[in-house]
Amino acid sequence: MKAYPYQISSLSEYQDAYQQSMENPAQFWAHIAEHFHWHKKWTPGAELNWNFSEPKVEWFKGAQLNITENLLDRHLADKAHHPALLWEPNAPDEAGRLLTYKKLYEKVCQFAHVLKNNGVQKGDRVCIYMGMIPELAIAVLACARIGAIHSVVFGGFSAQSIADRLYDAQATFIITCDGAYRGAKDIPLKSVIDDALIGNHVVEKVIVCTRTRTPVSMLKGRDLWWEDEMQRVEEMGLTDFPAEPMDAEDPLFILYTSGSTGKPKGVVHTVAGYLLYTHYTFVNVFQYQPGWVHFCTADIGWITGHSYIVYGPLSAGATSLLFEGVPTFPDAGRFWDIVDKYKVNILYTAPTAIRSLMGFGLGPVQGKNLSSLKVLGTVGEPINEEAWHWYDQHIGKGKCPIVDTWWQTETGGCLISNLAGITPAKPGWATLPMPGVKLLLVDENGKEVVAQGEETVSGNLCIAAPWPAILRTTYGDHQRCRTNYFAAYPDLYFTGDGALRDKDGNYRITGRVDDVLNVSGHRIGTAEVENAINMHAGVVESAVVGYPHEVKGQGIYAYVIYQGSHAQDTHGSGDLVRKDILQTVTRIIGAIAKPDKIQFVSGLPKTRSGKIMRRILRKIAEGETDQLGDTSTLLDPGVVDEIKRGRV
Ligand code: WT7
């Protein structure tokens, strides 16, 4: 029996669903939407309205619902005492927590009261900067319950990054923690927020949840303790909160992500389409079965955590495991201990984590009972075959299908993936599009690439029609959304990725074709890193490129012209100046954007019109110093030899 009526259970069912979704997308998604709880249904015939030239995409506009009723209330009848969230703390000797659907429902309702009591209203932007504790999910869902727009910022971003995001979203409210535990580290989140708020006159209140009990400064009138606020609501005996009816197209959240410009973009997702699509992909890609425990190792600060820790799993009434720590603390067996302890059925992680754990050998896997595993998944970057086979053999023991899920912050949910055990896997290939996803490859001129016979073709990956969870806009700047995603090729959404397609229609993602890096599955714009480096006193100019990195997938290589104090050091080892620059990048963006390598140079290879020839810099960083191609158009070809000699 199918766990969900629309759960695809054979290859031919997939083919049928795909065909139906292409022939009549509105009807296809309306059939799925019927299964949700709506305050007001859509007008038949008005399910979908779109054009990619503005762009405008509206799914079920005019219909009304609240996403939390579909995640929580809907499951209270039959799953009230079923675990919704399991929580594993950073330290293995600390007790974990279990929140049933009823408990989670009550906490979300209570925190919705807290938000309301403090003046948060529908449409307000609430910034959430917390560690991976259940209260993070509660905060997210409480925002959704009252219709406030959440903007979760990953706990690794700096005060400056938070300040930029607060300003861009004009956020009036922050939810944070005193601190967060991550491996052996204790990150002072509230203190970072305090720095981010210097000079900010828009944020009215900051709610601080206790986790590490690190000393924090609490400003009277602005800062409140989560526990005090919750206690007040509990004492009033409140356990319900009427869900705000939202238009299907009202914004649900903003999530900032990097692009090829220096400034991150606030990707906006809306209520109904995001619910439908994360739900549908969750039950189909992972083939979720009732009672299973789903463990997605991402942080809720990234889209993967939004879609496949919180929204997708809860929409399906699943049990979602939230892990506070890191894969290598206290040792490299932590994931396997967690799988063993909670009898995890689905493990969804990033290739970078697999490669890093592979490096510790089989010791940490031995003696761990992984027999509960049914499905494995990867996300965030291409997976190399070696890592794929290691995952298959040593974790899945050769009996768990592996889904390689390709998607983006902008796509809301998986767009290309095999369906676990249903459609064929192909190591290194994300394989087939989900129903509703109309892919095509184009060349640089926007001309569709069509295979001659059985050849495998390559091109820039585009999408020709909207799926329900496509981004609607970039917050506060719709034009930017258009130029970034819909202007490269008329009437197409351009993903920024290159891809191959084989004769069977399988896709293999080859990586970004723009100036965006993928470091450990995290997206980082080269321009952003350059801006940060250039803010360091003494830096005249810099150019950042990616290079292949064994564990991270890509590493960050920075070429820097430096003429500041201690410049003489850069003729020797330059290590101290390097450290200064890293410190600046950490301050401006966060530790995740720190270059792995910094090479001091006296000039950069530029064309006569002053454009940096990144192709040459990429080749040198990759170690391909012999095949630099044509350098004759350079203003000063001599600089290339110097750069080659000084490679680090
Ligand atoms: C970029 C999106 C989707 C959540 C995590 C990253 C790369 C993502 C795969 C995959 C090859 C992948 C692409 C994409 N990417 N998944 N399975 N195979 N590449 O989200 O930060 O928005 O980054 O990650 O380059 O464009 P993101």
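Of the 17 residues around the ligand, which come nearest? Asp-404, Thr-405, Thr-409, Asp-497 and Arg-523 do. The legends below describe close-up views of a predicted model.

**View 1. The shell of residues around the ligand.** The shell holds 17 residues, which divide into six nonpolar, six polar and five charged. At least two residues of this shell come from each of α10 (303–315), β20 (402–405) and β25 (507–512).

View 2. The side chain of Thr-409 places an N or O atom 2.6 Å from an oxygen atom of the ligand. For the side chain of Gln-408, an N or O atom lies 2.9 Å from an oxygen atom of the ligand. At Pro-382 the backbone is involved: one of its polar atoms is 3.5 Å from a nitrogen atom of the ligand. The protein buries 95% of the 560 Å² that the ligand exposes when taken alone.

**View 3. The two faces of strand β21.** In a regular strand, side chains alternate between the two faces of the sheet. Strand β21 (residues 439–442) has Leu-439 and Leu-441 on one side, and Leu-440 and Val-442 on the other. These four residues are all buried, so both faces of β21 are covered.

**View 4. Pairing of β21 with β22.** Strand β22 (residues 457–463) pairs with β21 in the antiparallel sense, over four bridges. Within this pairing, Leu-440 has Cys-462 of β22 as its bridge partner. Leu-440 is also one of the buried residues of β21, on the side that holds Val-442.

Terms used:
Residues are numbered from 1 along each chain as its sequence is written. This is a predicted model: local features need pLDDT of at least 70, side-chain atom pairs count only at pLDDT 80 or more; totals for chains, interfaces and linings use all residues. Side-chain values use heavy atoms; hydrogens and water are left out. A residue is near a molecule or strand if one of its heavy atoms lies within 4 Å of it. A polar contact is a pair of N or O atoms within 3.5 Å; within protein, one must be able to donate a hydrogen and the other to accept it, and residues adjacent in sequence count only if both atoms are side-chain atoms. Accessible areas come from the Shrake-Rupley method with a 1.4 Å probe; for residues, only the protein chains shown count as cover. Ala, Val, Leu, Ile, Met, Phe, Trp, Tyr, Cys and Pro count as nonpolar, Asp, Glu, Lys and Arg as charged, and the others, Gly among them, as polar. Buried means under 20% relative accessible area, exposed over 50%, partly exposed in between (1.4 Å probe, protein chains only). Two strands pair if DSSP finds at least two bridges between them.
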